[in-house]
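Dear colleague,

I am passing on the structure below, together with some notes on its helix packing, its sheets and its aromatic pairs. Please read them beside the coordinates.

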Amino acid sequence: MHLAHFPRLFLAHLPTPLERLDRLTKELGGPEIWIKRDDCTGMSTGGNKTRKLEFLMAEAERMGADMVMTQGATQSNHARQTAAFAAKLGVDCHLLLEDRTGSNDPNYNHSGNVFLDYLHGATSEKRGPGLDMNAEMEAVAEAFRAKGKTVYTIPGGGSNPTGALGYVNCAFETVQQANDRGLVIDHFVTATGSAGTQAGLIVGLKAINAHIPLLGIGVRAPKAKQEENVFNLACATADKMGCAGIVKREDVVANTDYVGEGYGIPRADTFEAINMFAQLEGLLLDPVYSGKGAAGLIDLIRKGHFKKGERVVFLHTGGAAGLFGYTSQFDFTAQAQ
């Protein structure tokens, strides 16, 4: 598939590394674990949204937007990276931040991604939980348009067919890297939330007939809803690329056993995964996406779902800035002298 037909800004640091995690592999005693380092994409500490925003912000630029708007949770990685792109391009950025956790922790509400949103010059307003946030955003955008602004709106997570193109490209890139080193990938694993990352990867893998099964570890919605969201977006993305019908319903698999109490609320195994990656491999995960995705990966290895001798690639979606919103939930008293 020829992605050059679509407008794109080339701001990401690509290709991101594909690395073997030797110490984690040894610790778990199961498959050979590799990691696709999309925490290294650039733009305000990096993360998976950079790939999506290359395509989304190119559309915004083409339409002559002087403001971009998006929405997400309080500690949204996507909001932070959108603000960074807007700063780079010299356009205004306005964010709608939804309280999905009910946290009163000052760090959660003002540090981490929130601090970086403001550092990049974004403005924001808050919303309570349970609203149709895309509808809320469009209403605010109309108010700005009435004042003369040309507003480009981006759905939560950058997850529409345009944004998903970034992860079609990531699938192409990862398989090319594996081919160049003779690495047979048996499984691909990623955290899945707003659906764009998993949907784009599925379309990319199917488009090149890679025969690599993809598992999404859910961070928010129940299994049936998550898989429906991913499948619908994957089909729309394939349509956009001119290859309708390549994604079948059975290609979309999500495991939502690691969501816990809800989006943005880490479980004990989330913290275990964050600590293991940090202390065994020097890698920083986040408590919302990559931490829960890694918790699922670790548990499934322990249960024998992924077998010794297989090779599993885990997509690191970034988000380490969000750690600073959760510092009160880590216990380092035994390490403090």
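Helix α7 (residues 161-180) packs against helix α8 (residues 196-207) at an angle of about 50 degrees, and their axes lie 7 Å apart; axes here are lines fitted to C-alpha atoms, for helices over the stretch in contact, and angles run from 0 to 180 degrees between N-to-C directions. The two helices are therefore oblique to each other, since angles under 35 degrees count as roughly parallel, over 145 as roughly antiparallel, 65 to 115 as roughly perpendicular and the rest as oblique. On the α7 side the contact (heavy atoms within 4.5 Å) includes Ala 164, Tyr 167, Phe 172 and Val 175, while among the residues of α8 that take part are Gly 196, Gly 200, Leu 201 and Ala 207. By class, this contact has 11 nonpolar, 4 polar and no charged residues, where Ala, Val, Leu, Ile, Met, Phe, Trp, Tyr, Cys and Pro count as nonpolar, Asp, Glu, Lys and Arg as charged, and the others, Gly among them, as polar.

The model is predicted, so local features need pLDDT of at least 70 and side-chain atom pairs count only at pLDDT 80 or more, whereas totals for chains, interfaces and linings use all residues. Residues are numbered from 1 along each chain as its sequence is written, and side-chain values use heavy atoms, with hydrogens and water left out.

Turning to the sheets, 4 strands form an open sheet with parallel pairing in the order β5-β4-β3-β6; helices (H or I, at least four residues) and strands (E, at least two) are DSSP runs numbered from the N terminus, and two strands pair if DSSP finds at least two bridges between them. Its edge strands are β5 (123-127) and β6 (151-154), and the twist averages 20 degrees from one strand to the next. Strand β3 (residues 67-73) pairs with β6 over 4 bridges, with Met 69 opposite Thr 153. Helix α6 (residues 133-146) lies across β3, β4 (92-98), β5 and β6, and runs at about 155 degrees to β3.

A further open sheet has 6 strands in the order β1-β2-β10-β7-β8-β9, with mixed pairing. Within it, strand β2 (residues 32-37) runs parallel to β10 (residues 311-316), joined by 6 bridges, and Ile 35 stands opposite Phe 314.

Finally, there are 5 aromatic pairs, counted where ring centres of Phe, Tyr and Trp (its six-membered ring) lie within 6.5 Å, with planes under 30 degrees apart taken as stacked, over 60 as edge-to-face and the rest as tilted. One of them, Tyr 108 with Tyr 326, is edge-to-face at 5.5 Å centre to centre, with 90 degrees between the planes.

Best regards
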